[in-house]
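Keep the model in view as you read.

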Amino acid sequence: MSSKRVEQQSAFVLHTHPWRETSYVVDMFCREHGRVAMVAKGARRPRAALRGVLLAFQPLEIGWSGAGELKTLVAAEWQGGQPMLAGSALMCGYYANELLVRLLPREDAHPRLFDAYASLLRRLSANAPQDVALRTFELVLLQELGYAPTFDTDEHGDAVRPECDYLFIIERGPVLATDPEHDEATLSGRVLLDLAREDLSNPETLAQAKNLMRRLIAHLVGARALESRRIFMELQEL
């Protein structure tokens, strides 16, 4: 199999782990190629050129070679212009990275999701409201992976009515609420219509979107809980 070389790709580092004595395996998120695993040879050496470049949450331009599942990183340049994340913004970034690593198939391009991720990092670094930034990213993630339900029609295909309340059944979508015992699990039709428009400006919509996104993402990631969420909750208890 001949070696394939790819150059000048916009990318972010999602995760790294040591490989052999002096190298890393790096999980990259690339705009045109999706999530790609590659070896950064010699990057663990103290004076390696790549050592100070392979930073999470920073825009890179990279190149690689190889035709197998594990590529070889041959070039990486920091594109600059973005402050480092800190505090709760940093934890939000780790959460987004963990979602991408857990849910995004390898080498499956999602340019819209890449742009949403880059926008999330810019908003986090600019101290924008984190809940709005995260919910916006989660919505795009679910849509791009084909898991986002239709928010503006119910299980029968009828238009959601803003004055009504709905249960949200993951396998079925919005279901008109008729049992008062389910009040705690209901979403207002107006909130569902806001989500269909990706409009999170209303505080009620934002609050209900958080609970709904948590349910949908928990359903996708399965029994193994998100490590970033566990750490964040432990930090809040300190």
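The expected span of a helix is 1.5 Å times one less than its number of residues. Keep in mind that this is a predicted model.

Take helix H1, residues 87-103. It has 17 residues, so it should span 24 Å. Its end C-alpha atoms are 25 Å apart, which agrees. Now look at which side chains of H1 are covered. Buried means under 20% relative accessible area. In H1 the buried residues are Ala89, Met91, Cys92, Gly93, Tyr95, Ala96, Asn97, Glu98, Leu99, Leu100 and Leu103. The list includes Glu98 and Asn97 along with Leu99 and Leu100.

Next come the charged contacts. A salt bridge here needs a side-chain nitrogen of Lys or Arg within 4 Å of a carboxyl oxygen of Asp or Glu. By that rule the count is 14 salt bridges.

Glu107 pairs with Lys71, and their closest N and O atoms are 3.3 Å apart. How exposed are the two partners? Glu107 is partly exposed, with a relative accessible area of 44%. Lys71 is buried, at 6% relative accessibility.

Now move to helix H4, residues 189-196. Here Arg190 forms a salt bridge with Asp194, with the closest N and O atoms 3.9 Å apart. These two residues are four apart in H4, so about one helical turn separates them. Asp194 is buried, at 5% relative accessibility. Arg190 is partly exposed, at 32%.

Arg190 has another partner. Its side chain meets that of Glu204 in a salt bridge of 2.3 Å, N to O. Glu204 lies in helix H5 (residues 203-221) and Arg190 in H4, so this pair ties together parts that are 14 residues apart in sequence. Glu204 is partly exposed, with a relative accessibility of 32%.

Which residues form a network of salt bridges? Asp27, Arg35, Glu69 and Arg106 are linked in this way.

Key
Residues are numbered from 1 along each chain as its sequence is written. This is a predicted model: local features need pLDDT of at least 70, side-chain atom pairs count only at pLDDT 80 or more; totals for chains, interfaces and linings use all residues. Side-chain values use heavy atoms; hydrogens and water are left out. Buried means under 20% relative accessible area, exposed over 50%, partly exposed in between (1.4 Å probe, protein chains only).
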